[in-house]
Protein chains: 2
Amino acid sequence: MSTTERSPGGALAVPSRIRRSLDQVARRSPARFAILVFTALILVVTVLLILPVSSADGTATDLPDALFTAVSVICVTGLTTVDMATHWSTFGDTVVYVGVQVGGIGVLTLASILGMVVTRRLGLRSRLMAASDTNPLRAHAGPVPEVQAVRLSDVRGLLRTVALSALAIEGAIGLLLFPRLVADGIPVRDAFFDAFYYSAMAFTNTGFTPNAQGLDAFAHDYAALTLIMIAVILGSVGFPVIYVVTRNLRHPRRWSLHTKLTLTTSAILLVLGAVVYLALEYDNPRTFGHDDAGATVFQSFFLSAMSRSGGFSTIDIAHLHDSSLLVTDMLMFIGGGSASTAGGIKVTTLAVLFLAAVAEARGRRSMEAFGRRIPSDVLRLAVSVALWGATIVAVGTIVVQQITRESLSHVLFEVISAFATCGLSTGLTGHLPDAAKYVLAVTMWMGRVGTVTLAVALAQSQRRQLFTRPEERPIVG
Amino acid sequence: MSTTERSPGGALAVPSRIRRSLDQVARRSPARFAILVFTALILVVTVLLILPVSSADGTATDLPDALFTAVSVICVTGLTTVDMATHWSTFGDTVVYVGVQVGGIGVLTLASILGMVVTRRLGLRSRLMAASDTNPLRAHAGPVPEVQAVRLSDVRGLLRTVALSALAIEGAIGLLLFPRLVADGIPVRDAFFDAFYYSAMAFTNTGFTPNAQGLDAFAHDYAALTLIMIAVILGSVGFPVIYVVTRNLRHPRRWSLHTKLTLTTSAILLVLGAVVYLALEYDNPRTFGHDDAGATVFQSFFLSAMSRSGGFSTIDIAHLHDSSLLVTDMLMFIGGGSASTAGGIKVTTLAVLFLAAVAEARGRRSMEAFGRRIPSDVLRLAVSVALWGATIVAVGTIVVQQITRESLSHVLFEVISAFATCGLSTGLTGHLPDAAKYVLAVTMWMGRVGTVTLAVALAQSQRRQLFTRPEERPIVG
Ligand SMILES: [K+]
Ligand SMILES: [K+]
């Protein structure tokens, strides 16, 4: 096992007693550890946002709004019950900025660690690479309980690698974005702040906008929009993919199955989404039907990319046809890559479900992709994650519907946007009663923390069985 | 293999050349055979319904309406674009009655045969029983290609058994219903026709009503409503379950896994649906909120039972809250038992998906229920059927939405009602443009014929594989 990522102390050092007890929780149950950390972060941000110093007018923010914003920040959702551009002071903005970074990078790290547990091998480098055909670990499929525990030192090493990559990408995008914003007429000082704020909101797939007009300020600056799109897509493919691709840029054959599956499915969804939006909205003057052909195609791709978790929007979502809202619902629900800043059930989950259907249709005994066989227990995990998502969305929608009596189309949209931490909104979230705000906050929390930890909690519970039962086959379908 | 169900000729004999070529199609591809038979039946009924003699006012019925009704009749859906109580003549009513019987019993038979292929053993009795622990066939899980072909003589034998059981149940329910309808003030001659019409519409899970007021005529005759509910539930559990239960009435331990799984899941869904309806609608005066407690509970159970494919309704569906409509969407989508007159993805499909999640959560290597192990390829089939259903519903909803611009809530409801051949309606189907009628007709056809044949088409394609690929595990969730 690689030890290069472990460090004995450094900037992230904590007092040894606390470290030991955290280490113990992390070792025994990484899922519980993740839930603990995330919930604590949300509470800290809530308290900070309630403080009068956080709001622009110097008064204390209501608990429901502060809590909702804190959940939205830490879960990098981007839904909001207050006007993000005007409600907060510079201090409040800074809390949001730092919160998003911590939440986004935290999720990346946690998901990566949990991914390690799920794939049942530790050793950061060997797992993230997972590319070489000669890797002897790859042959192992069964449970390896003794390596399922995660040490805090692994967490720290991974956290550093992830944070450095994230900040490098955000810095590069921010630097490229800065001159564009200046060219779009934003004052230089604001543009500097906005460039890095936008860059962070894009890479972490959050989707808050710092300026009053939001993206409208550069709705026709295709260079700026393209930079934002690139940051969103980089954030949404997930850290394991970025790691493998950057280290094997010229050797796509060495990419892991996970990398190939994520990139292929993401690309298909991006193009498919854009084509369907184009077909449904080309004659809708209230969205992008009034633009010329090139602009309409670009906006279709932009919307398709943002639906999968980015949450930025150049149009008023409420003006989309109900059919396009439903398409967006589906794209949001699927979300981005595993161990990414995007939400949803993840593209590999969808891919595995489809590969199962393909295997069934072709009469193959096992799921296959890119010359590899996928073990059948991965399908069970995919089914579990999809059922978990569908259940949360169904219950959330029914409850919010019952509270607000708004149209199914809009309620479903907001609930899926919350579950998948996408942040696109028809505007309904802005005027929800407090009860519904709490329901959406719980939905975000379950969608973010729940989905990421569910997989590991399930995988961890692998047990030996001492007897086999007789087999019997029910009729399905 | 049992031969008792095979008969060399009899009432169902067809000229030997046609029989031979049908036999060949049935033998080679039962799925194609089913599609062929169903499509032919729909075309015959369409032509009959277009004839002026079929309509009450003696004029020819439009092609879209005749085709829609024919699909609705043969697929036992119960959705309608014309007023079923007044539009048709007695001849037209008879075409509908016979069509529903042929469609309902035909589906039962086909699904049972296809079920045989899916479970990969022939021999009607041994499969339907599938109860005795000493059955040596049970141990076989792998593909047995040589017994996957279905002989026409098997079809004929099964058809007779199914038809006799169906007519016996319908006759009994009709006889019990007759005095109730007379007591409710329907003239004796009408009551006799209506009793058997209702009985057929209930057992086949169709849901057409012959009288102008529909169920309102006996909305408070709980005996009549209970009889209808029993017929609907008997039809919806499926023939394999009826067969096993009637032959082992006193020995539930001998029931097959399929029987136990279907009955348990159906019971849970019935109660859960009723409880949720009660919680959501108890204060809605436009549905059953104005009734006393007992009536409200009864109506909740009635609606819960009918949502799963019966399609009868004592209330105006459009008056349900959007939240209740969504609950109904989910119940309809799940539908009834395999090889039943009900539609949807089937309760065992849902059960298998949940058992997979439970197995994953409990760390078991395989899915288990009632002391039996379920082979993992059944999960792949369940995933395929669920994805098929979700895809049809999504595409159908987007297209109908784009054509009509109606609310998502109502469009989704009608499309799922069509896919799952449930027949409940918010009233939207009654005033659809022709293009949308065709889309819904295709949805019904795909939901009915497609779902039943998909499973077998998939199971049939089982092939040997000469090599295994290296295993690799993507991250999901
Ligand atoms: K987001
Ligand atoms: K029906």
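This is a predicted model: local features need pLDDT of at least 70, side-chain atom pairs count only at pLDDT 80 or more; totals for chains, interfaces and linings use all residues.
**Entry: chain A overall**

I began with the secondary structure of chain A and found 16 helices and two strands. Chain A has 477 residues, and 60% of them count as buried. I then took the contacts in chain A with a separation of 6 or more; residues 24 or more positions apart account for 72% of these. The accessible surface of chain A comes to about 18,000 Å². Carbon and sulfur atoms hold 65% of that surface.

**Entry: potassium ion, ligand 1**

Which atoms coordinate the potassium ion (ligand 1)? I listed the O atoms of Val76(A), Thr77(A), Asn205(A), Thr206(A), Ser309(A), Thr421(A) and Cys422(A), at 2.3 to 3.1 Å. Along the chain these donors follow the spacing V-T-x127-N-T-x102-S-x111-T-C. I looked up where two of them sit: Val76(A) is in the loop between α3 (63-74) and α4 (90-118) of chain A, and Ser309(A) is in helix α11 (residues 293-310) of chain A. The pair is 233 residues apart in sequence, so it ties together separate parts of the chain. I checked the exposure of both, and Val76(A) and Ser309(A) are buried.

**Entry: potassium ion, ligand 2**

I repeated the search in chain B. The potassium ion (ligand 2) is coordinated by the O atoms of Val76(B), Thr77(B), Asn205(B), Thr206(B), Ser309(B), Thr421(B) and Cys422(B), at 2.3 to 3.1 Å. The spacing of the donor residues in sequence is V-T-x127-N-T-x102-S-x111-T-C. Here I followed another pair: Asn205(B) lies in the loop between α7 (188-203) and α8 (222-237) of chain B, while Ser309(B) lies in helix α11 of chain B. They are 104 residues apart, and the pair links distant parts of the chain. Asn205(B) is buried at a relative accessible area of 0%, and Ser309(B) is buried at 1%.

**Entry: helix α11 of chain B**

Since Ser309(B) is in this helix, I looked at its geometry. Helix α11 (residues 293-310) of chain B has 18 residues. From its first C-alpha to its last I get 24 Å, close to the 26 Å expected at 1.5 Å a residue. The helix is mostly covered, with 14 of its 18 residues buried. At its start, a side-chain oxygen of Asp292(B) comes to within 3.1 Å of the backbone nitrogen of Gly294(B). After the helix comes Gly311(B), with a positive phi near 85°.

**Entry: helix α15 of chain A**

Helix α15 (residues 408-419) of chain A has twelve residues, which should span 16 Å at 1.5 Å a residue. Its end C-alpha atoms are 16 Å apart, in agreement with that. Is this helix enclosed or exposed? Eleven of its twelve residues are buried, so α15(A) is largely enclosed by the rest of the structure. Among the buried residues are Leu408(A), Phe413(A), Glu414(A) and Phe419(A).

**Entry: Ala356(A)**

Ala356(A) is in helix α13 (residues 347-361) of chain A and counts as buried at 0% relative accessibility. Leaving aside neighbours within four places in sequence, I find Ala356(A) in contact with Met367(A) and Leu379(A), and with Arg380(B), Val383(B) and Ser384(B) of chain B. Its C-alpha is 30 Å from that of Glu414(A), 58 residues apart along the chain.

**Entry: Val100(B)**

Val100(B) is in helix α4 (residues 90-118) of chain B and is buried at 0%. Not counting residues up to four places away, Val100(B) touches Val73(B), Val76(B), Ile105(B), Ala200(B), Met201(B), Thr204(B), Thr206(B) and Phe208(B). The C-alpha atoms of Val100(B) and Phe208(B) are separated by 9.7 Å, at 108 residues along the chain.

Terms used: Residues are numbered from 1 along each chain as its sequence is written. Chains are lettered from A and ligands numbered from 1 in the order in which they are written. Side-chain values use heavy atoms; hydrogens and water are left out. Donors are N, O and S atoms within 2.8 Å of the metal (3.2 Å for Na, K and Ca); water is not among the atoms, so sites may look incomplete. Helices (H or I, at least four residues) and strands (E, at least two) are DSSP runs, numbered from the N terminus. Buried means under 20% relative accessible area, exposed over 50%, partly exposed in between (1.4 Å probe, protein chains only). The expected span of a helix is 1.5 Å times one less than its number of residues. A polar contact is a pair of N or O atoms within 3.5 Å; within protein, one must be able to donate a hydrogen and the other to accept it, and residues adjacent in sequence count only if both atoms are side-chain atoms. Contact means heavy atoms within 4.5 Å. Accessible areas come from the Shrake-Rupley method with a 1.4 Å probe; for residues, only the protein chains shown count as cover.
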